[in-house]
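Here are some notes for a colleague who is opening this structure for the first time. They are set out as numbered points, to be read beside the sequence and the model.

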Amino acid sequence: MNKQTLDILKYMIDNKYTNQRALAEETGFSLGAVNKSLKTLIEQGYLSEDMKLTALAKKEQKAKAPKNAIILAAGFGMRMVPINTLIPKGLIEVKGELLIERIIKQLHEAGVKDIKVVAGFMKERYEYLIDDYGVDLIINPDYAIKNNIHTLKLVSKYISNTYIIPCDIWCASNPFSKTELYSWYMVSDRQSEESDVRVNRKNELVSEISGGNAMIGISYLAGEEAVTVCRKLEEFCKDRRYDDCFWEETLLDNGKMIVQAKVVPGEDAVEINTYEQLRELDYESEHLKSDAIDAISDALKCDNRDIKDITVLKKGMTNRSFLFTVKGEKYIMRIPGEGTENLINRDEEAEVFEILSGRGICDDPVYIKPDKGYKITKFLEGVRTCDPEDQDDLKKCMKKLKAFHDLKLKVSHTFDIFEKIDFYESLMGEKGSDFKDYDKVKANILSLRKFVDEQPKDWCLTHIDAVPDNFLFYKQEGDKQESLQLTDWEYAGMQDPHVDIAMFSIYSYYDKSQIDNLMKLYFGKTPDHSIKAKIYCYVAMCGFLWSNWTEYKGTLGIEFGDYGIKQYRYAKDFYKYALEEMEKIS
């Protein structure tokens with residue numbers, strides 16, 4: 001049977017039949033379509049001649065009836081900046097209710113009591129649902145590094161006559177029912193540039209390259225479709241290419257979804273992805289209150305509603321940043337990431353910006369608030385970062401870096417590598433490092449200190465985080481050539497400026513020959529053995545430092561893939577290279 005006929009049967013199961021005209025008005029189908037569907041249902045044995053449900057209809061109803069629901073609540077909700085660091089998306093308040101509580105109540109109204117909530121980010125905040133609503137709480141430990149296809153895979157054994165529901169959905173009317181007769185996926189009748197599916201004339205969901213029906217994300221899976229999704233979850237999650245995919249990937253087959261489209265009015269179902277969508281839906285929501293938004297209002301002398309086009313930028317390793325506009329001007333706001341208060345001294349950062357201001361070296365802040373770690377800068381159009389494999393980019397970056405170093409600027413604080421190693425190690429807690437030979441490697445690193453301390457240095461303000469992503473190339477209107485500046489000065493302090501060469505190298509994952517090339521570009525010639533040995537020492541020391549940093553971040557549930565392991569390898573390999581180079585010093 002087609003979807004239209006099944007929808008007519010569903011209505012007949014859930015409601016008292018009076019006549020065809022009333023049925024047409026209630027379902028929205030034409031009178032002719034209703035007549036045709038009723039004839040089909042009688043012919044196939046689902047309805048009797050007097051429009052009563054048959055045993056076959058009741059059997060079909062029972063076979064396809066909802067058994068359970070899975071609510072996906074593991075992700076960061078990064079696009080909800082600036083409130084995503086304060087609360088998980090499922091616990092956002094809309095019209096006096098928390099999103100996930102409204103979903104659970106609607107499921108209960110439809111008779112669905114078996115509910116699995118899969119959590120990850122701020123998982124502890126969901127624990128109360130076990131007592132208050134009787135849900136099963138399941139934890140996804142990989143939420144930070146993999147997308148929700150892996151979240152659903154964790155509970156795939158429960159998928160059979162199942163609602164799959166994102167936690168960030170608000171539905172004006174209950175989208176769930178005691179009766180379901182086929183598998184479906186919910187989309188809105190509104191268009192969205194972000195959607196990659198659209199409803200065609202056959203009511204199928206087909207792939208769309210750019211712009212389609214807004215994807216609400218609620219789905220119902222039963223029968224063969226449930227089996228297919230489970231099989232694909234198993235298959236896809238073994239393939240790392242799918243780590244960043246959404247679970248909807250399992251619904252696609254040859255350019256269309258294997259389930260029916262369930263189209264709802266745009267005002268009836270909303271996926272809340274952004275701060276602005278929440279503000280549009282419920283301006284009175286308690287969760288719109290944000291120190292970051294208030295800071296923007298104060299700094300730029302505007303109303304909160306003047307802050308528009310809020311867009312999350314690429315998640316940094318230390319901070320969260322977002323783009324926004326106020327009265328046509330674009331800005332970027334930085335919000336500190338998890339645990340940053342233990343890593344960054346914001347008063348020292350503010351001192352650095354005061355020294356740098358007006359020198360054309362950095363993005364001068366429009367606003368900076370040390371006690372919160374907030375920083376607002378103007379947005380630069382057409383920005384690109386340094387390509388660490390492009391020799392022309394490297395020449396320009398090393399020239400800029402050396403020009404900055406040659407200013408020999410002074411601040412009142414120092415970035416002490418060995419002090420930071422001990423500090424990050426202390427933040428790991430009693431568990432300590434996960435590296436088996438950590439103590440041996442640390443001893444090797446500490447043994448380099450005597451040699452480094454004995455070498456001559458032009459002690460001055462050093463960037464410390466001078467990595468390719470922090471060199472910004474841009475063109476202002478009317479410019480013929482690109483300008484270049486350095487961003488992200490959080491770790492900057494007094495240090496040997498050659499540390500910046502090491503930092504650039506290890507973030508770029510350079511091998512020994514590439515590091516030698518970078519030194520040559522910086523100095524304009526091949527440095528002598530003592531300078532090379534010293535920079536190799538810095539590579540080893542800084543690699544060890546950042547491996548400690550990533551292990552600390554790991555205790556906060558934040559993962560950076562193999563970054564920490566690669567940094568640890570620099571500690572081990574360049575310790576050896578440094579010793580070899582020291583032997584060449586005459």
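1. Does K89 count as buried or exposed? With a relative accessibility of 14%, K89 counts as buried, because the cut-off for that class is under 20%. Please keep in mind throughout that this is a predicted model.

2. The partner of K89 is D168, and the two form a salt bridge whose closest N and O atoms are 2.4 Å apart. D168 is also buried, at 4% relative accessibility.

3. A search of the whole structure finds 40 salt bridges. Another of them joins the side chains of K105 and E97, at 3.6 Å from N to O. K105 counts as partly exposed, with 33% relative accessibility. E97 is partly exposed too, at 22%.

4. A further salt bridge links K450 and E454, with 2.7 Å from N to O. Both of these residues belong to helix α15 (residues 449–454) and are four residues apart, which means that about one helical turn separates them. K450 and E454 are both exposed.

5. How do α2 and α3 pack? Helix α2 (residues 20–27) meets helix α3 (residues 31–43) at an angle of about 110°, and their axes are 9 Å apart. The two helices are therefore roughly perpendicular to each other, as angles of 65 to 115 degrees are classed that way. The crossing of α2 past α3 is right-handed. On the α2 side the contact is made by Q20, R21, L23, A24 and T27. On the α3 side, L31, V34, N35 and L38 make the contact.

6. An open sheet is formed by three strands in the order β20-β22-β23, with antiparallel pairing. Its edge strands are β20 (384–385) and β23 (483–486), each of which pairs on one side only. Between β20 and β22 (residues 471–474) the antiparallel pairing runs over two bridges. In this pairing T385 stands opposite L472 of β22.

7. Some backbone angles deserve a look. Most residues other than glycine have a negative phi. M122 is not a glycine, yet its phi is positive, at about 50°. This residue lies in the loop between β4 (115–119) and α6 (128–133). M122 counts as buried, with a relative accessibility of 18%.

8. K408, which is not a glycine either, also has a positive phi of about 50°. The loop that holds K408 runs between α12 (391–406) and α13 (417–427). K408 counts as partly exposed, at 41% relative accessibility.

9. Where is D496 found? Its place is the loop between β24 (493–495) and α16 (499–507). D496 is buried, with a relative accessible area of 1%. With neighbours within four places in sequence left aside, D496 is in contact with K457, W459, T462, K534 and Y538. From D496 to F353 the separation is 143 residues in sequence and 19 Å in space, C-alpha to C-alpha.

10. Why is α16 described as largely enclosed by the rest of the structure? Eight of the nine residues of α16 are buried, so the description follows from that count. The buried residues are V499, D500, I501, A502, M503, F504, S505 and I506. After α16 comes Y509, which has a positive phi near 60°.

Notes: Residues are numbered from 1 along each chain as its sequence is written. This is a predicted model: local features need pLDDT of at least 70, side-chain atom pairs count only at pLDDT 80 or more; totals for chains, interfaces and linings use all residues. Side-chain values use heavy atoms; hydrogens and water are left out. Two strands pair if DSSP finds at least two bridges between them. A salt bridge is a side-chain nitrogen of Lys or Arg within 4 Å of a carboxyl oxygen of Asp or Glu. Buried means under 20% relative accessible area, exposed over 50%, partly exposed in between (1.4 Å probe, protein chains only). Axes are lines fitted to C-alpha atoms, for helices over the stretch in contact, and angles run from 0 to 180 degrees between N-to-C directions. Angles under 35 degrees count as roughly parallel, over 145 as roughly antiparallel, 65 to 115 as roughly perpendicular and the rest as oblique. A crossing is left-handed if the near helix is turned anticlockwise from the far one by less than a right angle, and right-handed if clockwise. Contact means heavy atoms within 4.5 Å.
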